[in-house]
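Hi everyone, thanks for coming. Let me put the sequence and the structure up, and then we can walk through a few places together.

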Amino acid sequence: KTFPLTPEHLMFTRVYSEADGFSIHTKGAPEHVLSKCNHLSTDDLSAINNAIDNATEKGARVLAVAHTTCEVLPENINDIDFCFSGLVSFIDPIRPEVPNAIEECRTAGIKVVMITGDHPKTARNIAKMIGMSDPLVMTGEEISEISIDTLSESIKNINVFARVRPEQKLHIVRALQSNNEIVVMTGDGVNDAPALKAADIGIAMGLKGTDVAREAASLVLVDDNFSSIVSAIRSGRKIFDNLQKAMSYIVAVHIPIIGLVLVPGFFPEMPLLLLPVHIIFMELIIDPICSIAFEAEQEEKGIMQRPPRDPDHSFFSNKRILHSVASGLFLLALVLTVFYIAKTEGHTEDEIRAISFATLITGNIFLILTYLSQTRSVFHIFTERNPALLLILAISMIVLFITISVESVQHLFQFSNPGYGHFGISLGVCILMLLIFEIIKLLRLNHLKSKK
């Protein structure tokens, strides 16, 4: 006969048939096994508990083992009086990368909570080993004695839960969610499924996880490594940042395109500065920059030293839209300024169009360089690896040079070359724009540092 481990009896017991009766052997949580060993004296219990304390203080897991014999098999495990055999302690080695992952979570504003069935002292010492400083422990027995509201308040300070029963994992998840926390739950067993399902993001173990846990989870961790979760958070923040930057750039760069198409409609004496072929050329730069260069851009500095984003905030805020529109309007103003200067210098219409378009392309390139990073200057971008960006920008400048210099291509774009010296103003105003944007970036970073 087998008496399985249950939430009420954290013991696993097997019964063997002998010639003169039955031999019964059990193993399990020391406090449960010892409660069934009625023959132990006070001194015996004291010595055993000291041994348990010594083992758990080293982060070891401890099982108590007991045995007995009987002629008639009891129906209930509570009716068995065991003889204490001894203790078995063992270490589940901590992966070396876990402490660094825990520290990354701490600096990123992510609270790590340990939920385990281990002895409270074992749980506390393992928590210390992995870098959870001053861990406060609550046991499953304490959870069963308080309400969900009380648990929600207590859980703000508790980061280790020991001797937790499976259903209490669900209570912990709901208590965290009642505090408006975004809860990520990991688990591998059948009993973890309700908590995995209730969590905002359930992560099942792929190697040792059960099918039920994997079905209930949102994600499956293929290597069962906690640091992989932290790496995924880092990657998610990087992807989110790069998408925002690409969107901001798209809004900014299309403002001067729209403006240069519309402005001649309000001023009939003004020549068309942007023809369909010019817009196609612009889009051939914009599309690969957004889909390749921004995607390949490395993460921002301190990406794991900032708090999590408020999920109620929109992906593309009004502030970011205004910033992009302002950047685009500034580039539009520079192009129109160059157009006015070129016209007052007496250039032909095709020459003016060439100078203005060169300003737009150069300004677009500088706009890309300043939008690529919110925390690094444009000079650092050139020293860091983003070959896709450099290739696209190089091709853009070569094609621009060809449109200005090659006569057959000039005709296609309706350009005339006024002399390369006349393009100096285009480069000058774009450098001015780049410096202004970089100064604004630097001031914003200094403001954020002062707030911290």
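Let's begin with strand β9, residues 184-187, which is joined to strand β10 by four bridges, the two running parallel. Strands and helices here are DSSP runs, numbered from the N terminus: a strand is E over at least two residues, a helix is H or I over at least four. Two strands count as paired if DSSP finds at least two bridges between them. This is a predicted model, so local features need pLDDT of at least 70 and side-chain atom pairs count only at pLDDT 80 or more, while totals for chains, interfaces and linings use all residues. Residues are numbered from 1 along each chain as its sequence is written, and side-chain values use heavy atoms, with hydrogens and water left out.

Right-handed means that, with the strands pointing away from the viewer, the path from the first strand over the helix to the second runs clockwise.

Now for β10 and β11, the latter being residues 219-221: three bridges join them, and they run parallel. The chain goes from β10 through helix α9, residues 211-216, to β11, and this β-α-β crossover is right-handed. Within the pairing, Ile 203 has Leu 219 as its bridge partner, and Met 205 stands opposite Leu 221.

Put together, that gives an open sheet of three strands in the order β9-β10-β11, with parallel pairing. β9 and β11 are the edge strands, each pairing on one side only. Neighbouring strands of this sheet are turned by 25 degrees against each other on average, direction ignored; the axes are lines fitted to C-alpha atoms, for helices over the stretch in contact, and angles run from 0 to 180 degrees between N-to-C directions.

So how enclosed is strand β10? Four of its five residues, 201-205, are buried, so β10 is largely enclosed by the rest of the structure. Buried means under 20% relative accessible area, exposed means over 50%, and partly exposed is in between, using a 1.4 Å probe and protein chains only.

Next stop, helix α13. Its 23 residues, 349-371, should span 33 Å at 1.5 Å a residue, and the end C-alpha atoms are 32 Å apart, which agrees. The expected span is 1.5 Å times one less than the number of residues. α13 is mostly covered, with 21 of its 23 residues buried.

Leaving aside neighbours within four places in sequence, Thr 370 is in contact (heavy atoms within 4.5 Å) with Leu 434, Phe 437, Glu 438 and Lys 441.

In the loop between α13 and α14 sits Ser 373, buried with a relative accessible area of 1%. Residues up to four places away aside, Ser 373 touches Lys 245, Glu 300, Ile 381 and Lys 441.

Finally, is Tyr 420 buried or partly exposed? Tyr 420 is partly exposed, with a relative accessible area of 47%, and it lies in the loop between α16 and α17. Beyond its neighbours within four places in sequence, Tyr 420 is in contact with Phe 401, Ile 404 and Ser 405.
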